[in-house]
Amino acid sequence: MAEVLFTRSAVAGHEARSAGSDPAAEVHPEVVAAMRELGIELGGRTPRRLDPADAEWADVVVTMGCGDACPAIPGKRYVDWELEDPAGMSPDEVRRIRDRIRFLTSDLAGELG
């Protein structure tokens, strides 16, 4: 959710990559449904494992509670967003998480210019 929502908010020159410390085999159906409500299709995407090269590439590394599982790159700016895992949650709970991510990504995109 964060990658595509950031991409929608960011101006040219800013990119996002999405990866996780323990990725699922597929995007959770609850997330696919919530994002489809915004006209965003995630059904064909495959979650991928976070690689240290992703953190090296990024200007800002946004984590969502991965703790020690996230690569620590000296001098890199890290931002942790405390968000619940939407797996198995009700549609209303997933929408709440989605909307929080939409706010956070928009705020970050605005900050980066």
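How far apart are the mean positions of the positive and negative charges of the protein? In this predicted model, the mean positions of the 13 positive and 21 negative charges are 5 Å apart. Lys and Arg were counted as positive and Asp and Glu as negative, with His and the chain ends not counted; each charge was placed at NZ of Lys, CZ of Arg, CG of Asp or CD of Glu. Local features were taken at pLDDT of at least 70 and side-chain atom pairs at pLDDT 80 or more, while totals for chains, interfaces and linings use all residues. Residues are numbered from 1 along each chain as its sequence is written, and side-chain values use heavy atoms, with hydrogens and water left out.

The protein contains four helices and two strands, arranged along the sequence as α-α-α-β-β-α. The radius of gyration is 14 Å, close to the 13 Å that the globule rule gives for 113 residues, so the protein is as compact as a globular protein of that length. Helices (H or I, at least four residues) and strands (E, at least two) are DSSP runs, numbered from the N terminus; the radius of gyration is taken over C-alpha atoms, and the globule rule is 2.2 Å times the number of residues to the power 0.38. Along the principal axes, the C-alpha atoms fill a box of roughly 40 × 30 × 25 Å. The accessible surface (Shrake-Rupley method, 1.4 Å probe; for residues, only the protein chains shown count as cover) comes to about 6900 Å², and 48% of this surface belongs to carbon and sulfur atoms.

Of the 113 residues, 32% are buried, where buried means under 20% relative accessible area, exposed over 50%, and partly exposed in between (1.4 Å probe, protein chains only). Among contacts (heavy atoms within 4.5 Å) with a separation of 6 or more, 56% join residues 24 or more positions apart.

Beyond its neighbours within four places in sequence, Trp81 is in contact with Ala2, Val62, Thr63, Met64, Gly65, Leu104, Thr105 and Leu108.

Ala34, in helix α2, is buried at 4% relative accessibility. When residues up to four places away in sequence are not counted, Ala34 touches Val94 and Arg98. The C-alpha atoms of Ala34 and Val94 are separated by 6.7 Å, although these residues are 60 residues apart along the chain.

Asp54 lies in helix α3 (residues 52-57) and counts as buried, at 10% relative accessibility. Not counting residues up to four places away in sequence, Asp54 touches Arg17, Ala19, Arg48 and Arg49. Ser18, in the loop between α1 and α2, is partly exposed, with a relative accessible area of 38%. Ser18 and Arg49 are 31 residues apart in sequence, and their C-alpha atoms are 8.8 Å apart in space.
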